[in-house]
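I opened my notebook to look up a few contacts and a helix pair. Here is the structure I worked from.

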Amino acid sequence: TVKTRMALSTGGSEYSSVANTVRRVLQHEGWRGLFGGLGASIAGIIPYAGTDMMVYQTLKDQYADRNPGADPGPLVFLGCGAVSSVCG
């Protein structure tokens, strides 16, 4: 909310700094004003994060199944993380 208000303010006179913006929002809207839109942000992040973690874990499990007893090195973890980030 603070970042959005500062970006959308015209001329910079309405919200001159982060502290000023927080103070004004608290005075005019209370604590609920600072967290407006948080629910929508969380609702948008949960599917992304869930997909990312699921793909990462699936790739690690596939590696472990195909290479029993082998200790996956950093490059395996890096590869799993890169692919899961693309998919998520």
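I count two residues as in contact when they have heavy atoms within 4.5 Å. I also keep in mind that this is a predicted model.

**Entry: Ser9**
I began with Ser9, which sits in the loop between helix H1 (2–8) and helix H2 (18–29). Setting aside its neighbours within four places in sequence, I found Ser9 in contact with Glu14 and Tyr15. I then looked up its side chain: a polar atom there lies 3.1 Å from the backbone oxygen of Met6. Is Ser9 buried or exposed? Ser9 counts as buried because its relative accessibility is 14%, and the cut-off for buried is under 20%.

**Entry: H4 and H5**
Next I turned to helix H4 (residues 38–66) and helix H5 (residues 74–87), whose axes come within 8 Å and cross at roughly 145°. I noted the crossing as right-handed. On the H4 side, the contact is made by Thr51, Asp52, Val55, Tyr56, Leu59, Lys60 and Tyr63. From H5, I listed Val76, Phe77, Cys80, Gly81, Val83, Ser84, Ser85 and Cys87. Sorted by class, the contact has 9 nonpolar, 4 polar and 2 charged residues.

**Entry: Lys60**
Which residues does Lys60 touch, leaving aside its neighbours within four places in sequence? I found Phe77 and Cys80. Lys60 has 25% relative accessibility, so I put it down as partly exposed. Finally, I checked Lys60 against Gly44, 16 residues apart along the chain, and their C-alpha atoms are separated by 25 Å.

Key: Residues are numbered from 1 along each chain as its sequence is written. This is a predicted model: local features need pLDDT of at least 70, side-chain atom pairs count only at pLDDT 80 or more; totals for chains, interfaces and linings use all residues. Side-chain values use heavy atoms; hydrogens and water are left out. Axes are lines fitted to C-alpha atoms, for helices over the stretch in contact, and angles run from 0 to 180 degrees between N-to-C directions. Helices (H or I, at least four residues) and strands (E, at least two) are DSSP runs, numbered from the N terminus. A crossing is left-handed if the near helix is turned anticlockwise from the far one by less than a right angle, and right-handed if clockwise. Ala, Val, Leu, Ile, Met, Phe, Trp, Tyr, Cys and Pro count as nonpolar, Asp, Glu, Lys and Arg as charged, and the others, Gly among them, as polar. Buried means under 20% relative accessible area, exposed over 50%, partly exposed in between (1.4 Å probe, protein chains only). A polar contact is a pair of N or O atoms within 3.5 Å; within protein, one must be able to donate a hydrogen and the other to accept it, and residues adjacent in sequence count only if both atoms are side-chain atoms.
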